[in-house]
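Work through the exercises below with the sequence and the coordinates open beside you.

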Amino acid sequence: MKFDSNQAWQAALAAVSAKRSVLWPVAGVFFLLPNLISVWFLSDVQAAMMANMGNPAGAEAMMQGMMGKVAGLGLLTFVVQTTGYMALMALLTDRERPTVGQAITTAVKSLPSLIGAAIVAYIGLIALAVLMVSIVAGIYSATTSAGAAWMLGMAALAVFAWVLTKLSLTLPVIVVDGVLNPVAALRRSWRLVSGNSLRVFVFYVLLAIGYAVISMVFLIVLGALFGLGQMTGGLPKAGTGAMVALGLVSGLIGTAVSVLFTAIVAAIHRQLAGPSPDTYGETFA
C-alpha cells in the first residue's frame with residue numbers, strides 16, 4: 001500500500017478532535033504533571049546552570065552533586081511518559097472504546113514489551129554505529145581523504161535514519177496488534193514500513209522541521225516574556241520563578257505535541273497495516 005502523508009495527517013487531527021475528552025486528561029497526568037514536577041524540583045538547578053555559564057568548573061561541580069537527583073527524576077519521567085504514550089495509543093486505536101482505566105492497564109501490561117524492544121533496538125544501533133565508525137575510520141586512514149570520510153559519515157547517518165524509520169511503528173504494533181514479543185514487534189514494524197520507508201521518513205522530517213520552527217518561535221517569545229534574555233554581569237539572568245513559569249508553558253506545548261505525535265503514529269500504522277490488522281498472540285518465550 002502506498003503511504004499517503006496527507007491522509008495520515010488528517011486522520012490524526014480527526015482522531016484527536018473526536019477523542020479529546022479522554023485524551024487531554026490522560027496527557028495531563030502522564031506528560032504535563034511529570035514535566036511540572038521535574039521543573040519544580042530542578043528549577044534551582046536550571047537557574048544555577050544559567051548563572052554559571054561563565055564558570056564551567058562551577059557548573060560541572062554543581063552537576064556532579066545533583067547527578068543522582070537528575071537521573072532519578074529522568075528515569076521516573078521516562079517510565080511515566082512511556083506509559084502515557086501507550087495509554088494514548090490504546091485510546092486512539094481500540095475499537096472497543098476502552099475506558100481510561102482499561103487503556104492504562106493495557107499500557108502497563110505492554111510496558112515490559114516496549115522496554116524490551118527498545119533495549120534490543122539500542123543494542124542493534126550500537127553495533128551498527130561501531131561498524132559504521134570502523135568503516136569510516138578505515139577509509140579515512142587508507143585514502144587520507146576527509147571528503148570521502150565526510151560523505152561516508154553522511155551515508156551512515158542516512159542508514160541510521162532509515163533504520164529508525166523502519167522501527168517507528170513498534171509502539172502501535174505492541175499496543176494495537178498485540179505483539180508482546182519485543183523482537184517480533186520490531187520485525188512487524190519493519191515489514192509494515194517496507195516499501196514506504198522514504199515517504200514515511202520525509203513525512204517525519206517535515207514534521208520535525210515544523211516542530212523546530214514553532215519551538216524556536218515560542219522559545220524566543222517566552223524568553224522575552226520571562227526575562228531569560230536579560231543579562232547581569234554578562235551572564236543570563238533567570239530566577240527560579242521564571243524557570244517554573246517557562247516550564248509550565250513549555251510543558252503545555254509538549255503535552256499537545258505528545259498527543260498529536262501519538263495520533264500521527266497511530267494513523268500511519270492504521271494506514272500501512274490496513275483496516276483489519278492481524279491480531280498477534282505472541283508473548284515472551
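**Exercise 1.** Over residues 277-285, how many contacts beyond four places in sequence does the model have, and under what value does pLDDT stay?

Solution. The model is a predicted one, and its protein chain averages a pLDDT of 81, with 77% of the residues scoring at least 70. Over residues 277-285, however, pLDDT stays under 50, and the model has 22 contacts beyond four places in sequence for this stretch. Residues 231-236 also stay under 50, with eleven such contacts. Where pLDDT is low, the predicted coordinates should not be read in detail.

**Exercise 2.** Describe the order of helices and strands along the protein chain.

Solution. Begin with the count, which is nine helices and two strands. Reading along the sequence then gives the pattern α-α-α-α-α-α-α-α-β-β-α.

**Exercise 3.** Which residues of the largest nonpolar core touch the most other members?

Solution. The core has 52 residues, and those in question are Phe 3, Leu 23, Met 86, Leu 169 and Ile 268. Taking Ile 268 and leaving out residues up to four places away in sequence, one finds that it touches Phe 3, Ala 8, Leu 169, Phe 203 and Tyr 204.

Notes: Residues numbered from 1 in each chain as written. Predicted model: local features only at pLDDT ≥ 70, side-chain atom pairs only at ≥ 80, totals over all residues. Heavy atoms only, no water. pLDDT = per-residue confidence, 0-100. Contact = heavy atoms within 4.5 Å. Core = buried A, V, L, I, M, F, W, Y, C linked by side-chain atoms within 4.5 Å. Buried < 20%, exposed > 50% of the residue type's maximum accessible area, 1.4 Å probe, protein only. Helix = DSSP H or I, 4+ residues; strand = E, 2+ residues; numbered from the N terminus.
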